[in-house]
Amino acid sequence: MTTEDTTTPRVNRRRFAGSVAAMGVVAAGAAALAPDGVRIVRETKADAAAPEAEHDHGGTTTSAAQTSNDMTADEMDAMHEEGVKAFPQATEGKGGMPLEYTEEDGVKVFNLTADAFQWEFQAGKYADAFGYNGVVPGPEIRVTEGDTIRVHLTNNLPESTAIHWHGVMVPNNMDGVPFITQPPIKPGETFTYEFPIREGNAGTHMYHSHNNSTEQVGKGLLGAFIIEPKDPSTRPEFDVEYTMILNDGPIGGYSINGKCFPATEPITVKLGQKLMMRFINEGQMIHPMHLHGMPMKVVAEDGYILDVPRMRDTILVDPGSRYEAIVEATELGAWAFHCHVLSHAESRHGMFGMVTVLFVEE
Amino acid sequence: MTTEDTTTPRVNRRRFAGSVAAMGVVAAGAAALAPDGVRIVRETKADAAAPEAEHDHGGTTTSAAQTSNDMTADEMDAMHEEGVKAFPQATEGKGGMPLEYTEEDGVKVFNLTADAFQWEFQAGKYADAFGYNGVVPGPEIRVTEGDTIRVHLTNNLPESTAIHWHGVMVPNNMDGVPFITQPPIKPGETFTYEFPIREGNAGTHMYHSHNNSTEQVGKGLLGAFIIEPKDPSTRPEFDVEYTMILNDGPIGGYSINGKCFPATEPITVKLGQKLMMRFINEGQMIHPMHLHGMPMKVVAEDGYILDVPRMRDTILVDPGSRYEAIVEATELGAWAFHCHVLSHAESRHGMFGMVTVLFVEE
Amino acid sequence: MTTEDTTTPRVNRRRFAGSVAAMGVVAAGAAALAPDGVRIVRETKADAAAPEAEHDHGGTTTSAAQTSNDMTADEMDAMHEEGVKAFPQATEGKGGMPLEYTEEDGVKVFNLTADAFQWEFQAGKYADAFGYNGVVPGPEIRVTEGDTIRVHLTNNLPESTAIHWHGVMVPNNMDGVPFITQPPIKPGETFTYEFPIREGNAGTHMYHSHNNSTEQVGKGLLGAFIIEPKDPSTRPEFDVEYTMILNDGPIGGYSINGKCFPATEPITVKLGQKLMMRFINEGQMIHPMHLHGMPMKVVAEDGYILDVPRMRDTILVDPGSRYEAIVEATELGAWAFHCHVLSHAESRHGMFGMVTVLFVEE
């Protein structure tokens, strides 16, 4: 287990500080004026001075939360504050970035490797990961209806693997199930998948291992597979999008895009923008994702447009399913966004795991 | 742990006895005529006499259910019967009653305290609870679109807290997330929340702690927050309503409105009435609630009216979500109403936990 | 526990072999041509020769999967292959077959017994079962709106029981809840249920024990109860149907229709047929069922036709709920069909539990 911190900050910590300041988060004991002029009075009857944290639990984990119940209120608050102030915590490695391709005779050609590596899911905390191209989640594959794609997968793992294109309509022998549709791809081998992207198959899908999958997907052999519509008018309009892949395996426990709070990535949009959220659950448990402040309009399930969208503030994301939901960013501020199975998100040591923040800025 | 029973009956035990008698529950070995004249014949081939229970397990719990497998059929039946006959078992304390308010300059002013206390979730069985105003669930806050409300929260707990108004559209600094939208409310402090109730936000919502929330919400810091529509014609019609808050934490394990069967509250309606069920899950697990006898029409999710209602006899209530469903009371009788994760409702010792009965009476 | 294999093959092993061959499953190291002419190149860089399995784990179980992590890739592949090649594994006993009835004065009369027996859920693996008429799941009861039915239930168990007709609209005293709607049916007794099948109640329902139900339903006291519409035009059309009852109790752990992969039953349809899937969950956990290759159109929930069907490739089947979904068999091949809680379907030893295959043949 690598313990040396060799991280390169990939997000600007000042953005969070600035956002919080802009949103008027109040200091202990202070009075504040809400954006709409509502008066807020906070009376302090006890000594509210928070001592400096004496514990080094900034990156708390579930197990840590179960070890100690003998903290004072101030000690609990200090740990909680330390976690929030660390957000978004810099870590090494960022998954889910677009996978580049080359074109060969009209075919989009992608290259993937399946590798074993150490993955930093929280500052200074590493897990034994399996992943595509060295990241968790694997890079995003984004194609368009009508494309033909070819994916070369080289297996650098110590065990066999195969890719299932979950939600993508493929010929049977491209379906990625060892001994049913193909032989397992053994260590050192390269297997080439090739198939056309059918019309009508647009939406949020995924690719992941279908061999020893509880372990391989749990350790990170997964990624988003987004199919753009040939005719954009067939899908809901939005300004910005964010893909949120949930997992609950050995990569830090409860994670969003391979990272655990406070190392999760904030989502930042401008007031008035339409944000498309793409929810994917690659784990073993349900994760009802709750966004504070604004409802989400569920517009597609498993890539299929709903004839009748439904509004929710909490979307039950179940294993294997995908949900697309539009958030109209009508409310300024820093809005918590987390799994509402509370034990996946908050302990006596503060927030952890499946938590991020949606910032709506002017 | 207080063990002395100081309960004041809050429900009339005779109502249940009377209802059961009216519904024709048959004695052992008897023949009965169903309401619609269908003949029921019960042949007794074995000695059906149920001995008096020799065990004192009337208030069974999950753990108790796992201790003994060496009972006879008659012993099992006796324990089962004892539990049903005890229903609705009197206990001290009743949560979820409407919270009164005063008006100050057109603002509805509510007062809440967060307290630690012993809560009797079943006769003679107490848990270490945290709750609002001394009850679990906390009192129901019921307001109307267009109101402005002010809530004074005094923290009498040994640790900090804060309230998130889950589903209610509030300004960011009223959202109740420590260190993101406000400082934690420390022991002894009072914090005042104030916000307008927006039009379009009607429906079933909730308020609960957003600090150390797995523990605080698990122990009971939660309540219903109902927003009435300004224009009642925008919501489905009903005659009577019942709010059912599910939890699966330290308050007795699997509970409905802070109580465990047989101490849960029966729901009684008249034949022909439309019953609005408001389901809220404040726990960590799914609870598919199954009503016997009549379907439920799901009309709203997270407060938002469904454009196309859906009929169900089992409604999957997931953590953080709310479901509103109309039951047309067309069938006379005593109808079991329980979580269909059977291990949340029945053991070798009979029914327990997330079980109640809907009585449809003439 | 009986360990002698006295099975009579009930399915033709050659069908699977033939299907796989027809679908072009490739041998290790081979090149293949997909049905639509897409070129597939498989480069072998390592020795891909799979040694004969030295372990006897053909029928792996969850617990077995947790015992050993020191296998080579080839050993893992061999166990995986052994499981797939064993599919569909012959076992003794097949549940869910139609229950015959006699007619008496216009009433359809069915006979059920509740028995304790050994149930072979996988070749050579037996569980202590409770079941109706000696099988798990119990025989399918299939009736038509407007029928009147009578069911004689004889209890041969060592403990009391009762049947709840889940989803079927019955008079209260036929609802099967001991001490609420009837006395428990004691060992040796016969109880007769009789009720009309109401119009409007068509769809996929179930019958199961409502006494000590966590244990009794877990051990197999459950079955499908299908109500045909009086007017077939009121329900979606289909060519063939398959009822899939999920369970996660003592009968082998994660099971489909009382069997665990590779002893689960394949589903075989002709290209172009419309397959009606009836999903029933009699377990304690969610099971999001994922079909590879083709989407499923959800047309009914709890028997009620959806006004607006929804397309899914993964259907969340929760305890107590039923989902009816139409699959248009447009894609030739052998398509994996499994629970997407991956730990219910695949371990280091290959696939197990809630896995089957949909064969679409010419």
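Two residues are in contact here if their C-beta atoms, placed from the backbone, lie within 7 Å. With that in hand, 43 residues of chain B are in contact with 52 residues of chain A. This is a predicted model, in which local features need pLDDT of at least 70, side-chain atom pairs count only at pLDDT 80 or more, and totals for chains, interfaces and linings use all residues. Residues are numbered from 1 along each chain as its sequence is written, while chains are lettered from A and ligands numbered from 1 in the order in which they are written.

**How the copies are arranged**

- The copies use different surfaces, as 5% of the contact residues of chain B recur in chain A.

**The side of chain B that touches chain A**

- Strand S10 (190–196), helix H4 (213–218) and strand S19 (304–312) of chain B each supply at least two residues to this side; helices (H or I, at least four residues) and strands (E, at least two) are DSSP runs, numbered from the N terminus.
- S10(B) gives the most, with five residues.

**Helix H3 of chain B**

- H3(B) covers residues 73–86 and reaches 20 Å from its first C-alpha to its last, close to the 20 Å expected at 1.5 Å a residue (1.5 Å times one less than its number of residues).
- Eleven of the 14 residues of H3(B) are buried, where buried means that 20 or more other C-beta atoms lie within 10 Å of a residue's own, all placed from the backbone.
- Among these buried residues are Met76(B), Met79(B) and Val84(B).
- The buried residues of H3(B) pack against strand S24 (350–351) of chain B.

**The nonpolar core**

- The largest nonpolar core has 270 residues; such a core is a set of buried Ala, Val, Leu, Ile, Met, Phe, Trp, Tyr and Cys residues joined through C-beta atoms within 7 Å.
- Domain 1 (102–234) and domain 2 (240–361) of chain A both give residues to this core, so it lies between them; the domain bounds come from an automatic or database domain assignment.
- Ile315(B) is one of the residues with the most contacts inside the core, and its partners include Phe279(B), Met296(B) and Tyr323(B), not counting residues up to four places away in sequence.

Note on methods: A residue is buried if 20 or more other C-beta atoms lie within 10 Å of its own, exposed if 12 or fewer, and partly exposed in between; C-beta atoms are placed from the backbone.
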